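Colleague: Before we start, could you show me the model? I would like to ask where some of the labels come from.

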Amino acid sequence: MNELFLPQKAVNQNFKNFEDLGVFIDIKREDLLHKEVSGNKLRKLKYNLIEAQKQGHDTILTYGGAFSNHIAATAAAGKLLGLKTVGVIRGEELGKNQEHTLSNNSTLQLAQKNGMQFHFVSREAYRQKESKDFFNKMKAVFGSFYHIPEGGTNALAVKGTEEILSEFDKENYDLICVAAGTGGTAAGIINSASKHQKVIVFSALKGDFMKAEIEKYTSHKDFEVVNEDVFGGYAKSDDGLISYMNTRFRESVTQINPQGIPLEPIYTAKMLYGIEHKVKTGVIKGKTRILAIHTGGLQSIAGFNNVLEKKRRLKISYENYV
Ligand SMILES: *Cc1c(COP(=O)(O)O)cnc(C)c1O
């Protein structure tokens, strides 16, 4: 098996304690599993890429937005395994001047360096991306391929995310917290958590569909979903969130951990902000040992900061982080 897939253990680090309440928040550093195939995206790709190779495919086709962690991870994993990768990217306008697009977008830039070919489509065509018509069109352009859905979630992906929690994690925490986009990572966590553990899922999206998405991949019922309505929806933020990220990062840089604990703004920072809010308001009770999953995605910070700069907003600043 490729070394990318060998059993990996992410370290747990202490993130924040509320000692007067007896609440301890540790964070599982899945972001450190691999430099480019980050966090939960590696977990979700694992059994899909093994299956693709077993079926004799040499090309992976998948989808995403222009800053997608899944696109970045798929390109990097493909390169490591000697698989060709095709990224169907939402936003026809981005394909008109690809050179210009890439010069402004570090996600796509790195994906291209890792050998990914792009196919830019309109938002309308993107909505039809799972149709037979679209598949045939893609086959005509790129030849036969193994298809991975948007965000990487399918049954094999969930099999991978069931490997996130270690035996130690299952024994030593009362509450597991995880962020969700498609819900595939959350489903794996819910499937593998112990009976005594509760799981809270922090959706990165607005709306109340996430629970149903997760239930496609789990029959367990003992989990709670918090929908993103604090910051206005997916990838939305305010200075309060950015300032929270900068503060917690500065606090996390210690002698024992000189690299600190960087979070990204779309999933992990909102989750931890939400956890702390629930602790302070007593929704999460005292004497709770919490494990929050750091699902990675730090590659998106550069693009996010570009947008913040254009809006003349407070930027994410991790001075010592390399
Ligand atoms: C993709 C992603 C998620 C969401 O994972 P799902 O399995 O789609 O719910 C969470 N955190 C980060 C950092 C991600 O990149």
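Modeller: This is a predicted model. We can begin with a loop: K287 is found between α13 (268–280) and β10 (289–294).

Colleague: Why is K287 called exposed?

Modeller: Exposed means over 50% relative accessible area. K287 has 73%, so the label applies.

Colleague: What is the value of phi in K287?

Modeller: Phi of K287 is near 55°, which is positive, and K287 is not a glycine. Most residues other than glycine have a negative phi.

Colleague: Which other residue has a positive phi of about 55° although it is not a glycine?

Modeller: R312 has that value. R312 lies in the segment after α14 (300–310). Its relative accessibility is 79%, and the cut-off for exposed is over 50%, so R312 counts as exposed.

Colleague: What makes F168 and Y173 an aromatic pair, and why is the pair called edge-to-face?

Modeller: Ring centres must lie within 6.5 Å for a pair. The centres of F168 and Y173 are 6.3 Å apart, so the two rings pair. Planes over 60 degrees apart count as edge-to-face. Here the angle is 75°, therefore the pair is edge-to-face. The structure holds 8 aromatic pairs.

Colleague: Is Y173 buried or exposed?

Modeller: Y173 is buried, because its relative accessible area is 5% and buried means under 20%.

Colleague: How do you know that the ligand lies between domain 1 and domain 2?

Modeller: Domain 1 (3–35 + 156–310) and domain 2 (40–152) both give residues to the shell around the ligand, so the ligand lies between them. α1 (39–54) and α10 (184–192) each supply at least two shell residues, and α1 gives the most, with 3.

Colleague: How do the shell residues divide by type?

Modeller: There are 2 nonpolar, 11 polar and 3 charged residues.

How values were computed: Residues are numbered from 1 along each chain as its sequence is written. This is a predicted model: local features need pLDDT of at least 70, side-chain atom pairs count only at pLDDT 80 or more; totals for chains, interfaces and linings use all residues. Side-chain values use heavy atoms; hydrogens and water are left out. Helices (H or I, at least four residues) and strands (E, at least two) are DSSP runs, numbered from the N terminus. Ala, Val, Leu, Ile, Met, Phe, Trp, Tyr, Cys and Pro count as nonpolar, Asp, Glu, Lys and Arg as charged, and the others, Gly among them, as polar. Domain bounds come from an automatic or database domain assignment. Rings of Phe, Tyr and Trp (its six-membered ring) pair if their centres lie within 6.5 Å; planes under 30 degrees apart count as stacked, over 60 as edge-to-face and the rest as tilted. Buried means under 20% relative accessible area, exposed over 50%, partly exposed in between (1.4 Å probe, protein chains only).
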